[in-house]
Amino acid sequence: MEDLFRQMRSVEADRAGALREFADLLIAHAQAEEAKVYPALKRYKNIDDEEVEHGEHEHDEGNEALLELLEVEEVGSEEWDSKLEELVEAVTHHADEEERTILNGARENVAMERREELGRAFAQERERQLKAGCGSVENVRKIVES
């Protein structure tokens with residue numbers, strides 16, 4: 001993620017290519033978590049449902065910021081730089097908060113075997129999403145508008 005952020009900021013890199021790769025990875029990650037991990041975690045009484053729902057809300061914010069950047073017409077423009085920083089802020093905030101709240105709760109309250117099952121289900125769904133081109137502007141728009 002950090003490497004792709006650096007590439008999207010660099011005038012010497014293929015910024016549009018880095019954004020396409022990032023969009024696929026971000027959408028695949030969020031969709032897989034929301035389909036396979038978050039619903040399972042909500043069933044555990046020692047994991048705060050509000051934290052999981054907050055994670056879903058932050059996915060929405062990240063998706064909206066991603067869409068705004070994907071819709072910028074000129075890579076490297078002031079608008080591009082501004083929208084990129086909004087995306088970086090949304091994604092890094094979510095990753096930090098998710099690690100501290102949801103994932104720590106899962107480590108403490110979900111058996112290793114179940115976590116491994118959820119990890120496999122997540123990886124399969126993530127791969128399915130990536131193969132489907134989930135980061136296309138059209139798909140991101142559909143996700144944001146739903």
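# Close-up views of a predicted model

**View 1. Helix H4 has a kink of about 40°, centred on Glu 98.** The model shown here and in the other views is predicted. Helix H4 covers residues 78-109 and has 32 residues. From its first C-alpha to its last, H4 reaches 45 Å, close to the 46 Å expected at 1.5 Å a residue. Glu 98, on which the kink in H4 is centred, is also one of the residues that line the second largest pocket.

**View 2. Phe 5 and Phe 22 form a tilted aromatic pair.** With ring centres within 6.5 Å as the limit for a pair, the count comes to one aromatic pair. The rings of Phe 5 and Phe 22 are 5.0 Å apart, centre to centre, with 40° between their planes. Phe 5 belongs to helix H1 (residues 2-9) and Phe 22 to helix H2 (residues 15-41), so the pair ties together parts that are 17 residues apart in sequence. Phe 5 and Phe 22 are both buried.

**View 3. The largest pocket has a volume of about 260 Å³.** Its lining is made up of 14 residues. Those that lie nearest the centre of the pocket are Val 37, Leu 103, Arg 115, Leu 118 and Gly 119. At least two residues of the lining come from each of H2, helix H4 (78-109) and helix H5 (112-131). By class, the lining of the largest pocket has eight nonpolar, two polar and four charged residues.

**View 4. The second largest pocket has a volume of about 200 Å³.** Seven residues of the lining are nonpolar, two are polar and two are charged.

**View 5. The largest cavity has a volume of about 50 Å³.** With 30 Å³ or more as the size that counts, there is one cavity. At least two lining residues come from each of H2, helix H3 (49-70) and H4. H3 gives the most to this lining, with four residues. The lining of the largest cavity divides into four nonpolar, four polar and one charged residues.

**View 6. Val 37 and Ala 40 are two residues of helix H2.** Val 37 is one of the residues that lie nearest the centre of the largest pocket. Val 37 has a relative accessibility of 13% and counts as buried, because the limit for buried is under 20%. Ala 40 is buried as well, with a relative accessible area of 4%. Between Val 37 and Ser 10, which are 27 residues apart in sequence, the C-alpha to C-alpha distance is 34 Å. Ala 40 and Arg 115 are 75 residues apart along the chain, and their C-alpha atoms are separated by 9.9 Å. Arg 115 is another of the residues that lie nearest the centre of the largest pocket.

**View 7. Glu 85 lies in helix H4.** Glu 85 is partly exposed, with a relative accessible area of 37%. This value falls between the limits of 20% for buried and 50% for exposed. The C-alpha atoms of Glu 85 and Ala 65 are separated by 9.3 Å, and the two residues are 20 residues apart along the chain.

Note on methods: Residues numbered from 1 in each chain as written. Predicted model: local features only at pLDDT ≥ 70, side-chain atom pairs only at ≥ 80, totals over all residues. Heavy atoms only, no water. Phe/Tyr/Trp six-rings, centres within 6.5 Å; stacked < 30°, edge-to-face > 60°. Buried < 20%, exposed > 50% of the residue type's maximum accessible area, 1.4 Å probe, protein only. 1 Å grid on protein atoms, 1.4 Å probe; cavity = no way out; pocket = protein on both sides within 12 Å on 5 of 7 lines; lining within 4 Å. Points joined across faces, edges and corners; volume = space filled by probe spheres on them. Nonpolar A, V, L, I, M, F, W, Y, C, P; charged D, E, K, R; others polar. Expected span 1.5 Å × (residues − 1). Bend = angle between axes of the 7 residues up to and from the residue.
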